[in-house]
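Here's a quick tour to read alongside the sequence and the 3D view. Have both open before you start.

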Number of protein chains: 2
Amino acid sequence: MAKKKIDRRVRYTKDVLKEALILLMADNHISKISVKKICEIADVNRSTFYAHYENQYDLLSHIERQTIQDIHTFVAKERSRQITLHTMLCLFLEYAAQNAKLFRVLLNERSDSAFSDEVIRLVKELALVETHLEFKTKPRVVEYIQLFSITGSLRVIEKWLEDGMIESIDEVADLLLLLFNHRVLKEETHYLRGLRDG
Amino acid sequence: MAKKKIDRRVRYTKDVLKEALILLMADNHISKISVKKICEIADVNRSTFYAHYENQYDLLSHIERQTIQDIHTFVAKERSRQITLHTMLCLFLEYAAQNAKLFRVLLNERSDSAFSDEVIRLVKELALVETHLEFKTKPRVVEYIQLFSITGSLRVIEKWLEDGMIESIDEVADLLLLLFNHRVLKEETHYLRGLRDG
DNA sequence: ACCATAATCAACATAGCGTTGGAAAACAAC
DNA sequence: GTTGTTTTCCAACGCTATGTTGATTATGGT
């Protein structure tokens, strides 16, 4: 790990700029956010901004990549000790909940930005390697099914965060696993019964 | 129907502006598209643009609303004569395929724009009224399930258009119905068998 | 042919962009 | 602390797109 020590000033500048952008993106579309405004909020000189980023999109892109990286290392660490998919999902949801503001912004910003696509890639890499084997169906159809499931899941998580995380993490994880996997499950009836009674 | 006859000049102007924007949006994110550029492509004076729209987003918004309106009337017409959901879906896919360029742009532009949300609202209104009854579960969970299904379906359609509509409309309709409905189907095995052999 | 309406054109002030060079401040190392 | 380096700040620059205006030309409907 080539951990170069970064000048405190640089770290501070980058941090406040990221904070400012996330703050602004809660209310405005990124296209409506000017570099000038970001710098005003962050109380950073505009030329300093340009010393680090090209524009607001570049800044967002860096935030996304850093978040993806964080998720990746987080997941890798947890996966080393053999936990259930349910537990893993719960950990992830907790992580998302703790960074709700950030995740809402990133998940909402689907077009152009690579965040959702990266998450999709990540999930595929982790949990869906066996799908093709289980199905033994056309690769393209598998692609469709995966895309369907992951996109739907992310949207559900987004709504969950949006509405203020009303349901418990455990509950959401259950629901997602059901929605995500029930096509490979032979029996889903017991869970459906639970939902009906809920 | 208060069908006011519109000056040919106005219709022409609006049409070429819409065309130009869709054209540009195939390659650029809307935030990177200037009013000036749109007018250049459309060969329309910039002040004429401002006589009709506020900015590029306003123009896009109008395109979206018009498309939603078209879909709505289209669906309403077809629904009056009792057709199966499969047939309906096929008709819709055909419609999307014929306007592939437009639909790809609109589906891809999720954030900010209301298009996907409107489609979601429309689908709910049409086909999912009975979901709640069938499930008899918490309204919020029903919301999640619907959101999951519709979002996933739209993304699948988007990919299908993106990749050049390799699969037949009938095939895609089958797949979507499976993904969309299989939680209420008692037996999906016969279809899964079909996929495995495919 | 007439008049209303729409599109064009030129011009304007404004605002944000992206860059620059030099002064001031904060940093790390000694 | 002193020193040398790095980063930020500041003021200014030209540039481009914006949004608006008023006058002129062209086109539409009847």
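## Ground rules

This is a predicted model, so local features need pLDDT of at least 70 and side-chain atom pairs count only at pLDDT 80 or more, while totals for chains, interfaces and linings use all residues. Residues are numbered from 1 along each chain as its sequence is written, and chains are lettered from A and ligands numbered from 1 in the order in which they are written.

## Chain A overall

Chain A has 11 helices and zero strands (DSSP runs numbered from the N terminus: H or I of at least four residues for helices, E of at least two for strands). Of its 198 residues, 26% count as buried. Buried here means 20 or more other C-beta atoms within 10 Å of a residue's own, exposed means 12 or fewer, and partly exposed is in between, with C-beta atoms placed from the backbone.

Chain A splits into domain 1 (1–53) and domain 2 (62–197), with bounds from an automatic or database domain assignment. Seven residues from domain 1 and six residues from domain 2 make the contact (C-beta atoms, placed from the backbone, within 7 Å). On the domain 1 side, that's six nonpolar, no polar and one charged residues. Ala, Val, Leu, Ile, Met, Phe, Trp, Tyr, Cys and Pro count as nonpolar, Asp, Glu, Lys and Arg as charged, and the others, Gly among them, as polar.

## A look at α5

Which residues of α5(A) are buried? They are Leu89(A), Leu93(A) and Ala96(A). They cover an arc of only 60 degrees around the axis, so they sit on the same side of α5(A); the arc is that of the directions from the helix axis to the C-beta atoms. Over on the other side, Glu94(A) and Gln98(A) are exposed.

## Around the DNA

DNA strand D has 18 residues around it, and Thr13(A), Asn45(A), Ser47(A), Thr48(A) and Ser34(B) come nearest (near means a C-beta atom, placed from the backbone, within 6 Å). Elements giving two or more residues to this surface include α1 (8–25) and α3 (46–52) of chain A and α2 (35–42) of chain B. By class, the surface has five nonpolar, seven polar and six charged residues.

## Two loop residues

Met165(A) isn't a glycine, yet its phi is positive, about 55 degrees. Met165(A) sits in the loop between α9 (139–162) and α10 (169–181) of chain A, and counts as partly exposed because it has 14 C-beta neighbours inside 10 Å.

Asp43(B), another residue other than glycine, has a positive phi near 55 degrees. Asp43(B) lies in the loop between α2 and α3 of chain B and, with 8 C-beta neighbours inside 10 Å, counts as exposed.

How values were computed. Contact = placed C-beta atoms within 7 Å.
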